[in-house]
Amino acid sequence: MSQWETVIGLEVHVQLATASKIFSGAPNRFGAEPNRQASAVDLGLPGVLPVLNEAVVQMAIRFGLAVDAEIAAVTQFARKNYFYPDLPKGYQISQLDHPIVGRGHLDIIIPGKDGDTAKTVGITRAHLEEDAGKSIHDQVPGLTAVDLNRAGTPLLEIVSEPDMRSAAEAVAYLRELHAIIRDLGISDGNMNEGSMRCDANVSIRPRGEAKLGTRTEIKNLNSFRFLEKAIEFEVERQQEILEAGGRIKQETRLYDSERNETRSMRSKEEAEDYRYFPDPDLLPVTITPAQIEAVRAEMPELPRARRERFMEQHGLSGYDSRMVASDHATAAYFEACVAVAGDAKLTANWVMGELASVLNREEKDIDAAPVAPAALGRLISRIQDDTISSKIAKTVFEIMVKDGGEPDDIIEARGLRQMSDSGELERLVDSVIADNPHQVTQYRAGKTKLLGYFVGQIMKATGGKANPGQLNELLRARLDGGS
Amino acid sequence: MTTMPDTLGKAAKALASGQISSRELVSTCIARIDAGRHLNAFVSIDAERALDAAAAADRRPPAERGPLNGLPIAIKDIFCQSGVRTTAGSRMLEHWRAPYDAAVIERLTAAGAVLLGKTNMDEFAMGSSGENSHFGATRNPWNENHVPGGSSSGSAAAVAAGMAPAALGTDTGGSIRQPAAFCGLTGLKPTYGRVSRWGMIAFASSLDQAGPMAWDAADLALLLNVMAGVDHRDSTSVDEPVPDYTASLTTSIRGLRIGLSADLLGDDVDADVRATVDASRKVFESLGATIVPVSLPTALAGVPAYYVLAPAEASANLARFDGVRFGHRCADPQSLEDLYLRSRSEGFGTEVKRRILTGTYALSVGYYDAYYLQAQKIRRLIRDEFLAAFSNVDAILAPTTPSPAFALGEKTDDPVAMYLQDVFTIPANLAGIPALSMPAGMSGGLPLGVQLLGPHFGEAKLLQLAHAFQQATDHHLRRPAGVPA
């Protein structure tokens, strides 16, 4: 065990999936032509005023309830002042003193070689703010272009306590957060498109030391993998410095995924004074207990509850249930599939195995799976009723992926039905025994591994359609029973 | 010059009876604006646009005529008007055409008003003399060597000079009331939230409020009827019913209680100002009102509190003028920092820069508690004192300014002396209450005003009191030499 202990806290920005922006009526959509989804308010024209989109308040409350947090009775917006070309007003409307979501916590599961471990991570706060636009440096040579479509996109910034002790814990926390915001329907959580962005505060201290070490903040972590890699790199960098007798500089660092390293962006001395003050254009927002209860009444099932339900209702193991129940789309697919297939364990294996590898290969989300859950369920039920073997089922599945169609039709059309006619199978067994006297003698002399050879011969002759269980039984009976 | 009805009320009657057309009214205004160019009251005039609007008003069928149909009104150049240059008196916006209408512009236009043009003002409404405009100082029609007051300097001068029967102003610390007092007009700063701020270029968002300026209270009522009301584009506008201010004008003021505070009549108040307040008190008493002493011990601490809070808000509000998307951009910027530094250094005038610096300082780490928070506490105290006073009185009578209009250039080198001009007007902005200034006397050939302050949404009573006063006196009928009454 290293003499150093890692301490990590995360700040996660989640773009809320509202129809319009947080302070203007402009649509909140990704990918439009530059500057086509920015209204006068988003452009910060002289004389314009912000009006709070009520939907973001509902969404933030929903999140707060999901992490057992205090919801502020009165929440207030503040101006965070700094100059940047993609910040039209010269200030960002954010929250400082009265965030909408207060202290809460999130239970996470950290997968490990020796099984899963559970942990509770504290949530310090979550507050609402507007996103800035985008500065684009590589489009016009020598100039910076500004796209203000993103300006005014609602963000929920979720700040954790420094409770994580490894990159794996940080990733588990981010995954759980990701699953929750998707379940809550407040964001698509798409990290490629920036719907969920993460900054990590990382420090290390000698094991047993109570005082926190000097931290660095790593920006630009837009995937689970980058989060893990960046923390690992940063921990190692800090260790090297401390072990060489140096000191860590408090600074903001940027993660460069191409070089897999973090680089200094600015030090604490260069940090800006944001001169926060309450935004006089927006009155404090009052949230009543009745409002909170109304949101609570419509809370969807969350990953943790769903995992527990899957274990109980479907008899899944902790591992299987974490794999299929954490993400709501996967869980929905699984449930639709198992409703038809019947066997939960077999279904879980198919969803995590064959289906996952096809999705991976075709770079598709499970929502856009090429095989509908009910169709997969029917395929799985054909394994269970011995119509086909698991092996043949994989062939049928590939055909379903490629050409579509119903498993039964494919089985019929291609004659893939398993041979379970004992008369036919007996004839085949007889003939293979008759044709291979040498192997029969060897088998009977104790080389029972040769059973596979006989199975193989018959499978070859039947194109894999012989019912393997039945075949084994017949072969054994004939080979062991003499004559 | 053609004789012309000099108030909105008279003009409305003349229009209704067919004595005069809107086109004639507007032509006369334009001729007077032209003749009074040296006063520098207007920044932009589009005569053709105004005449077209007047002709359209004349053609409008009676059933479709709004309450201001065909009436010419001058607009402070702080309100965005679609397609019209909107400068806020700044080089920063010298060439900026607003792409949309401010809420009050929409409301006036919908009511049939003819917008004459944009009036000069202290840059971004920062000033008490009209001298801080990129387009030059405005002169007081009563004495051209004196200031008209500010920041709604051009609006006040335009009405006083007979160029427009009424004008729109904005009031953050007295910018409607002080120029109204200096130019012999009646002006109203409504309750914060009474009139939408949408499209009004922000100076200090928690204090800014649009209001009307005219010769008398009856005209203010006519305009406020149109301007007031909730607007969902301004979160700070209040959904409070809008009474008919004109209908309630003539309600008797007998039995109303008027507060008078020794705290607002200190030793540094000009003797003529003191005498004017005293004379006004007597008028109100003669009309059946009761005068009651009230205590406002913190009101005068309003000036230092205001000069922390307003610049603090301004420092953020003016950050959008960065040379990137609109407004002045320096030539040939060498870097982003160069673009910011030079665009803002060139685009803003001295007073604006002074306030941005003050405000930035007040909000900085280590100073926020000592300045910004402390000023907010004073603000709350002042508000509480007013609320307590209004539990006992219907309105408070006070001076509008410590002295009559001062000479051009007299205070330009002494910002603190200039700031103290607002000592009696600032408390109403800090408390968010309505306040009206009306002419009540003369001093050295220059008008003097008194102020009536009321509780939140108490505009109707203020207008009643002013109207009763004006029915009994003739201060509001005085005109500068050469301006027909």
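Reader: Which residues have the most contacts inside the largest nonpolar core?

Author: Start with the general idea. In soluble globular proteins, nonpolar side chains tend to be buried together. The model here is a predicted one. Its largest nonpolar core has 229 residues, and those with the most contacts inside it are A200(A), I73(B) and V159(B).

Reader: Which helix gives the most to this core?

Author: That is helix 9 of chain B, residues 302–317, with 10 residues.

Reader: What is I73(B) in contact with, leaving aside its neighbours within four places in sequence?

Author: I73(B) is in contact with L108(B), A113(B), L115(B) and L116(B), and also with A164(B), A166(B), A167(B) and L168(B). Another core, of 32 residues, lies apart from the largest one. Among its residues are F334(A), A348(A), W350(A) and V351(A).

Reader: How should I read a pair of packed helices?

Author: Two packed helices are described by the angle between their axes and the distance between the axes. Take helix 3 (residues 167–183) and helix 4 (residues 224–243), both of chain A: their axes come within 9 Å and cross at roughly 155°. That angle makes helix 3 of chain A roughly antiparallel to helix 4 of chain A, since angles over 145 degrees count as such. The crossing of helix 3 of chain A past helix 4 of chain A is right-handed.

Reader: Which residues make the contact between helix 3 of chain A and helix 4 of chain A?

Author: Helix 3 of chain A brings A167(A), A170(A), V171(A), L174(A) and R175(A). Helix 4 of chain A brings F224(A), L227(A), E228(A), I231(A) and E232(A). By class, the residues of this contact are seven nonpolar, no polar and three charged.

Reader: At what angle do helix 10 of chain A and helix 11 of chain A pack?

Author: Helix 10 (residues 373–384) and helix 11 (residues 390–403) of chain A pack at about 160°, and their axes are 9 Å apart. Helix 10 of chain A and helix 11 of chain A are therefore roughly antiparallel, and their crossing is right-handed. On the side of helix 10 of chain A, the contact is made by A375(A), L379(A), R382(A) and I383(A). Helix 11 of chain A supplies S390(A), A393(A), V396(A), F397(A) and M400(A). Seven of the residues in this contact are nonpolar, one is polar and one is charged.

Reader: Are helix 9 of chain A and helix 10 of chain A roughly antiparallel or oblique to each other?

Author: Helix 9 (residues 344–362) of chain A packs on helix 10 of chain A at an angle of about 120°, with the axes 11 Å apart. The two are therefore oblique to each other. Helix 9 of chain A passes helix 10 of chain A in a right-handed crossing. Here L346(A), T347(A), W350(A) and L355(A) of helix 9 of chain A meet L376(A), I380(A) and I383(A) of helix 10 of chain A. The contact has six nonpolar residues, one polar and no charged.

Reader: Is G469(A) buried or exposed?

Author: G469(A) counts as exposed because it has 12 C-beta neighbours inside 10 Å. This residue is found in helix 16 of chain A, residues 468–480. Its C-alpha atom is separated by 9.4 Å from that of S389(A), 80 residues apart along the chain.

Reader: How many residues of chain A are in contact with chain B?

Author: In chain A, 24 residues are in contact with 33 residues of chain B. Helix 1 (40–43) and strand 3 (78–81) of chain A each supply at least two residues of the side that touches chain B. That side of chain A has 15 nonpolar, four polar and five charged residues.

How values were computed:
Residues numbered from 1 in each chain as written. Chains lettered and ligands numbered in written order. Predicted model: local features only at pLDDT ≥ 70, side-chain atom pairs only at ≥ 80, totals over all residues. Contact = placed C-beta atoms within 7 Å. Helix = DSSP H or I, 4+ residues; strand = E, 2+ residues; numbered from the N terminus. Nonpolar A, V, L, I, M, F, W, Y, C, P; charged D, E, K, R; others polar. Axes fitted to C-alpha atoms, helices over the stretch in contact; angles between N-to-C directions. Parallel < 35°, antiparallel > 145°, perpendicular 65-115°, else oblique. Left-handed = near helix turned anticlockwise from the far one by under 90°. Core = buried A, V, L, I, M, F, W, Y, C linked by C-beta atoms within 7 Å. Buried ≥ 20, exposed ≤ 12 C-beta atoms within 10 Å, placed from the backbone.
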